[in-house]
Amino acid sequence: MQVQKVKGTKDLYGQEMLDWQYVEELLRSVAELYNYTEMRTPIFEKTELFKREQDSSDVVNKEMYTFTDQGGRSLTLRPEITAGIVRSVIENKLYASEELPLKYYYLGSNFRSERPQKGRYRIFNQFGIETIGSKNPILDAEGVALAYTALAVLGLKHFKLVINSLGDKKSRQLYREKLTEYFKPVISELCPDCQRRYTQNPLRILDCKVDQHHPAVINAPMVSTVLTAESQAYFTEFQAVLKLLGIPYTVDDRLVRGLDYYTEVVFELISTHPEMGAQAALVGGGRYDQLIADLGGPDLESFGFALGLERLLLALNAEEIVLETNEPLDVYFMPLAAEYQKQAVALATICRAAGWRCDLDYFARSLKAQFKSASRMQASIVAILGEDEIQASQVTLKHLASGEQVTVAMNEIVDQIEDWLAHDHAGCAVDHQHEH
Ligand code: HAM
């Protein structure tokens with residue numbers, strides 16, 4: 001019986017895996033430049049962490065993988081990471097013991113039972129940040145800058161920043177009243193989901209994929225019409241800092257985001273490459289000033305975003321960006337008979353201890369076949385162990401780039417390889433200088 005992977009999930013291996021590692025490493029280093037430290041939270045949590053009474057989003061209401069465990073508890077595979085980070089901050093009282101704002105970054109899998117399509121998976125990975133315990137438009141703009149920089153450093157060119165303000169608690173309340181009034185005469189014409197949204201949170205109607213072309217949805221009043229003076233000022237200041245940092249943006253007052261906890265500033269970084277299709281939002285986030293109090297914590301105003309790694313990789317592909325993932329082998333050991341393999345593994349172990357990437361042949365194949373493997377693995381050096389070498393306790397080393405070949409005593413192997421590799425790396429540095 002052959003088992004296949006679940007629809008909407010993915011395996012990563014080979015070059016694609018190398019690309020992922022490269023991107024993850026880069027994202028970590030960018031986050032660290034902004035002085036974020038990593039947090040990891042559990043992949044499943046108690047369902048009530050995500051399913052809050054007032055939450056009307058599709059993510060929470062329709063797409064969660066929820067199950068009952070052996071103890072009869074309802075658990076949910078996390079659909080996003082923000083809620084877990086917030087729970088941890090409250091549970092561990094991190095706000096009391098650490099410097100504010102708390103600044104965490106994360107990388108991890110999420111689970112949403114959405115209809116799979118290009119750029120939309122049931123298990124997907126996010127990199128994100130959460131800045132907890134401060135309300136300052138500078139911090140929001142800096143968070144956007146972090147995401148923007150990461151995309152730019154990776155070489156992406158075709159993407160845009162879209163921002164909006166959903167306002168503070170008061171603006172949101174006003175907007176809710178306005179939308180309730182506005183949709184009242186037409187709500188029966190809208191889809192059943194919108195009818196649920198109407199009572200839970202009418203703002204969600206604006207995000208409906210089914211009714212997006214309905215005239216009532218198209219002509220709905222904008223949140224900008226009800227922003228309080230404070231929210232308006234906050235949004236203006238946020239934009240001033242974006243300008244200061246040289247980050248171009250457009251305001252889209254229809255941007256409402258897919259989760260319910262947002263207040264004030266929201267943003268998305270969207271790929272504009274035509275190949276990306278419908279799932280082009282690479283990064284999404286914003287401010288959430290009430291979530292921590294809603295989850296039983298103190299009043300800690302916060303900001304964060306998450307970037308979808310699958311989508312980022314698709315966008316890099318679409319823009320034909322080739323990442324520098326090349327990790328050639330330093331030394332390939334070639335025992336020419338099965339009985340020489342023990343010497344090969346012993347020498348490889350010594351070379352690995354010296355910090356070199358090594359591999360060896362396990363099949364006692366012909367010299368020619370082993371040379372082919374060495375070249376496929378882009379080895380710098382091959383170490384041949386044939387009958388003559390073994391009898392004399394020697395090894396023949398060949399530096400493939402120069403063709404230089406020497407036979408040395410086994411205990412001198414490190415010195416010879418060190419010479420060649422040091423020379424190669426010095427050569428690389430010179431090449432780089434020429435490139436710039
Ligand atoms: P989100 O907009 O739901 O926000 O997801 C953020 C990003 O995750 C999206 O822009 C997209 O790149 C990726 N993503 C979402 N769903 C899928 C999927 N089914 N398949 C592939 N990629 C997907 C959040 O999750 C918030 N927690 C962001 C945040 C952090 N807000 C404040 N702090």
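These legends go with an overview and several close-up views of one predicted model.

The model is predicted: local features need pLDDT of at least 70, side-chain atom pairs count only at pLDDT 80 or more, and totals for chains, interfaces and linings use all residues. Residues are numbered from 1 along each chain as its sequence is written, and side-chain values use heavy atoms, with hydrogens and water left out.

**Overview. The chain has 16 helices and 16 strands.**
Both kinds of element are DSSP runs, numbered from the N terminus: helices are H or I with at least four residues, strands are E with at least two. The C-alpha atoms fill a box of roughly 95 × 55 × 45 Å along the principal axes. The chain has a radius of gyration of 28 Å, whereas a compact globule of 436 residues would have one near 22 Å. This radius is taken over C-alpha atoms, and the globule rule is 2.2 Å times the number of residues to the power 0.38. Of the 436 residues, 50% count as buried. Buried means under 20% relative accessible area, exposed means over 50%, and partly exposed lies in between (1.4 Å probe, protein chains only). Take the contacts between residues at least 6 apart in sequence: 69% of them join residues at least 24 apart. Contact means heavy atoms within 4.5 Å.

**Close-up 1. Helix 1 packs against helix 6.**
Two packed helices are described by the angle between their axes and the distance between the axes. Here helix 1 (residues 14–33) and helix 6 (residues 137–153) pack at about 140°, with axes 10 Å apart. Axes are lines fitted to C-alpha atoms, for helices over the stretch in contact, and angles run from 0 to 180 degrees between N-to-C directions. Helix 1 and helix 6 are therefore oblique to each other. Angles under 35 degrees count as roughly parallel, over 145 as roughly antiparallel, 65 to 115 as roughly perpendicular, and the rest as oblique. The crossing is right-handed. A crossing is right-handed if the near helix is turned clockwise from the far one by less than a right angle, and left-handed if anticlockwise. Leu-26, Leu-27, Val-30 and Ala-31 of helix 1 meet Leu-146, Ala-150 and Val-153 of helix 6. By class, this contact has seven nonpolar, no polar and no charged residues. Ala, Val, Leu, Ile, Met, Phe, Trp, Tyr, Cys and Pro count as nonpolar, Asp, Glu, Lys and Arg as charged, and the others, Gly among them, as polar.

**Close-up 2. Helix 7 crosses helix 8.**
The axes of helix 7 (residues 169–183) and helix 8 (residues 192–200) come within 10 Å and cross at roughly 140°. That makes helix 7 oblique to helix 8. Their crossing is left-handed. Arg-176, Leu-179, Thr-180 and Phe-183 in helix 7 touch Tyr-198, Thr-199 and Gln-200 in helix 8. The contact holds three nonpolar, three polar and one charged residues.

**Close-up 3. Thr-325 sits in a loop and is buried.**
The loop runs between helix 12 (309–318) and strand 12 (331–335). Thr-325 counts as buried because its relative accessibility is 7%. Leaving aside neighbours within four places in sequence, Thr-325 is in contact with Gln-15, Leu-18, Asp-19 and Tyr-22.

**Close-up 4. Ala-401 is an exposed loop residue.**
Its loop joins strand 15 (394–399) and strand 16 (405–409). Ala-401 has 75% relative accessibility, so it counts as exposed. Ala-401 and Ser-380 are 21 residues apart in sequence and 6.9 Å apart in space, C-alpha to C-alpha.
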